[in-house]
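User: Hey, can you walk me through this one? I'm new to reading structures.

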Amino acid sequence: MPDRTAVALVAHDAKKDEMAAFAVAHRSVLAACTLYATGTTGGRVMERCPELAITRLKSGPLGGDQQIGAMIAEGRIGALFFFVDPLSPHPHDVDVKALTRLALVYDIPVALNRATAEILVGALARR
Ligand SMILES: O=C(CO)COP(=O)(O)O
């Protein structure tokens, strides 16, 4: 069983402002979770929410997406918030695909956009 209290935050560059705003809006729910993030996303969220303890992994293009994917495979992540930019090319597109694929393989809740994230964070709040 995945660690249901552990949450990963990932956002493409064009979605980082949205991820930071999402974290601000739901900081109390997120504070009750064990938080992991890819490097730049984690930095941006911590700028806005310095009270959140976030373990920052490598930046996505440098392996951070793969690190989170490996944690999912190990049962160490219970939910993934991954704000995807569908309108830009990404040099590490294969890593992005691998991360979302592993989230499906291990059947963890995944929010790929803000609308779904609002629903998922509500579910986390009720746990
Ligand atoms: O590239 C990413 C997702 O694919 C996210 O990585 P950063 O948070 O380091 O920008």
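User: Okay, which helix does G39 lie in?
Analyst: G39 is in helix α3. Keep in mind that this is a predicted model.

User: And is G39 buried, partly exposed or exposed?
Analyst: Partly exposed, because 17 other C-beta atoms lie within 10 Å of G39. The cut-off for buried is 20 or more.

User: What does G39 touch, skipping residues up to four places away in sequence?
Analyst: G39 touches R56, L57, K58, S59 and G64.

User: Where does G60 sit, then?
Analyst: You'll find G60 in the loop between β3 (54-56) and α4 (64-73). G60 is buried, since 27 other C-beta atoms lie within 10 Å. Leaving out neighbours within four places in sequence, G60 contacts V10, T38, D65, H92 and D95.

User: Which residues does UniProt put in the "binding site" feature?
Analyst: The unreviewed UniProt entry gives H12, K16, T38, G39, T40, T41, S59, G60 and H92 for that feature.

User: Switching topic: at what angle do the axes of α1 and α3 cross?
Analyst: Roughly 45 degrees, and the axes of α1 (residues 16-25) and α3 (residues 39-48) come within 9 Å. The two helices are therefore oblique to each other. The crossing of α1 past α3 is right-handed.

User: Which residues make that contact?
Analyst: From α1 it's K16, M19, A20, A23 and V24, and from α3 it's T41, R44, V45 and R48. Five of the contact residues are nonpolar, one is polar and three are charged.

User: Last one: which residues does UniProt list for "domain: MGS-like"?
Analyst: Residues 1-127, according to the unreviewed entry. That span is 48% helix and 16% strand, and its end C-alpha atoms lie 16 Å apart.

How values were computed
Residues are numbered from 1 along each chain as its sequence is written. This is a predicted model: local features need pLDDT of at least 70, side-chain atom pairs count only at pLDDT 80 or more; totals for chains, interfaces and linings use all residues. Axes are lines fitted to C-alpha atoms, for helices over the stretch in contact, and angles run from 0 to 180 degrees between N-to-C directions. Helices (H or I, at least four residues) and strands (E, at least two) are DSSP runs, numbered from the N terminus. Angles under 35 degrees count as roughly parallel, over 145 as roughly antiparallel, 65 to 115 as roughly perpendicular and the rest as oblique. A crossing is left-handed if the near helix is turned anticlockwise from the far one by less than a right angle, and right-handed if clockwise. Two residues are in contact if their C-beta atoms, placed from the backbone, lie within 7 Å. Ala, Val, Leu, Ile, Met, Phe, Trp, Tyr, Cys and Pro count as nonpolar, Asp, Glu, Lys and Arg as charged, and the others, Gly among them, as polar. UniProt positions are given in the numbering used here, feature names are shortened, and annotations may be inferred rather than shown by experiment. A residue is buried if 20 or more other C-beta atoms lie within 10 Å of its own, exposed if 12 or fewer, and partly exposed in between; C-beta atoms are placed from the backbone.
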